[in-house]
Amino acid sequence: MINDGSIVLRVGDLPTARIAKLVSLSPADTLARAETLLTLHKFDRLPVLVDASTLMGVATLRSISIVRMSARSADLLAAVQQAHVVSIEAELENVMPILTYHGFAYVQDEQSHVSGIVTLKGALSLLERFSGTHLPLGEIERRLRGIVNQAFPTIAELRDVTGRSRIHSVEDLDLGGIEHVLRRADCWHRLGWQVDQDAFIEEVSAVRQIRNGFAHHRGAVLSPPNDGEVDRLVTFLSWLRALTAQ
C-alpha cells in the first residue's frame, strides 16, 4: 500500500500463484502423456518445464490437435507455444497488459521457481473484490491529511509536531503518522472542533489496523476485509465527509 491509501495488489495475492503441486510437462514427454494429463485434470493448458526454473512454453489440447492433424512431428515440442513468466512480487496492475493480450502468465516465486499461474479472469476478479475497499481508504487518508494540514499548515510546524526534519509536505505522512499528529492536544485546540478526540482517534486507529492488514500481508495470500470492516470504513468516511465539509 502507498501513502494515498491505495491497496497495492501483487501477483502473489492470487491463490493460483503458489500451487503446492504444479502439474507440468517436460520436453521429453509424449503427446499422449500431455493429452492424458490435460484431460485427467480438466486443464486448458500445461507448462512445459526444462527444470524447476525454466519455462519452455505451454501445451494445450488445441496445439496438440493441430500437430496431429497436420501430420507433423509427433513429439511434444511441436505443440509447445510461447508463454510468459511474471514475478510473484510484481504489482498486478503492471502485468495486466500481458494478461489482457495473452489471457494468462506463469509465475516465478522468490527462488525463481515456476510456482503457479495467473489468469486475466482471476486478476480481474481480485481487482473487483478490492475496489470497494481501495476507494474508501484512499479518500479517508486524503481527508485526514487535509485535517492535519488545517491544524499545522506550514512545513516548519509539521516538522515540529512529527519530529521528522526531512518531511516536505503532509503527503509524506502515512496513516500512522497522521494518527500521531491527531492525538496531540494542540492539534485539537487548533481545529476548534466540538468532537470527542478519543472517539475520533479510535476510528482512525481502526482504519489504520484495517489498512495494515494489506500493507503487512506479505508472504500470505491477501484476503479482502470482512463485511464489518468494510461497513466501518464506509461509515467513518461518510461522517468524515460531513465533518470536513463544514
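1. Arg-68 is partly exposed, with a relative accessible area of 44%; here buried means under 20% relative accessible area, exposed over 50%, and partly exposed in between (1.4 Å probe, protein chains only). The side chain of Arg-68 forms a salt bridge with that of Glu-35, at 2.9 Å from N to O. A salt bridge is a side-chain nitrogen of Lys or Arg within 4 Å of a carboxyl oxygen of Asp or Glu. Because Arg-68 lies in helix H2 and Glu-35 in helix H1, the pair ties together parts that are 33 residues apart in sequence. Glu-35 is also partly exposed, its relative accessible area being 23%.

2. A note on the basis of these values. This is a predicted model, in which local features need pLDDT of at least 70 and side-chain atom pairs count only at pLDDT 80 or more, while totals for chains, interfaces and linings use all residues. Residues are numbered from 1 along each chain as its sequence is written, and side-chain values use heavy atoms, with hydrogens and water left out.

3. Helix H1 (residues 31-40) packs against helix H2 (residues 61-69) at an angle of about 145°, and their axes are 10 Å apart. From H1 the contact takes in Leu-31, Ala-32, Ala-34, Glu-35, Leu-38 and Thr-39, and from H2 Leu-61, Ile-64, Val-67 and Arg-68. Contact means heavy atoms within 4.5 Å. Of the contact residues, seven are nonpolar, one is polar and two are charged. The axes are lines fitted to C-alpha atoms, for helices over the stretch in contact, and angles run from 0 to 180 degrees between N-to-C directions. Helices (H or I, at least four residues) and strands (E, at least two) are DSSP runs, numbered from the N terminus.

4. How many salt bridges does the rule give? The count comes to eleven. One of them joins Arg-190 and Glu-157, whose closest N and O atoms are 2.7 Å apart. Arg-190 lies in helix H7 (residues 185-191) and Glu-157 in helix H5, so this pair ties together parts that are 33 residues apart in sequence. Arg-190 is partly exposed at 42% relative accessible area, and Glu-157 counts as partly exposed at 22%.

5. Another salt bridge is formed by the side chains of Glu-141 and Arg-145, at 3.2 Å from N to O. Both belong to helix H4 (residues 120-151), and because they are four residues apart they are separated by about one helical turn. Glu-141 and Arg-145 are both buried. Salt bridges also link Glu-139, Arg-143 and Arg-241 in a network.

6. Thr-162 belongs to helix H5 (residues 155-162). Is Thr-162 buried or exposed? Thr-162 is buried, with a relative accessible area of 15%. Its side chain reaches the backbone oxygen of Leu-158 at 2.7 Å. Not counting residues up to four places away in sequence, Thr-162 touches Ile-167, Leu-173 and Val-181.

7. Two residues deserve a check of their backbone angles. Most residues other than glycine have a negative phi. Lys-42, although not a glycine, has a positive phi of about 60°. Lys-42 sits in the loop between H1 and strand E1 (45-51) and counts as exposed at 76% relative accessibility. Ser-112, not a glycine either, has a positive phi of about 70°. The place of Ser-112 is the loop between strand E4 (104-108) and strand E5 (114-119), and Ser-112 is partly exposed, with a relative accessible area of 37%.

Definitions and conventions. Nonpolar A, V, L, I, M, F, W, Y, C, P; charged D, E, K, R; others polar. Polar contact = N/O pair within 3.5 Å; in protein donor to acceptor, adjacent residues only side chain to side chain.
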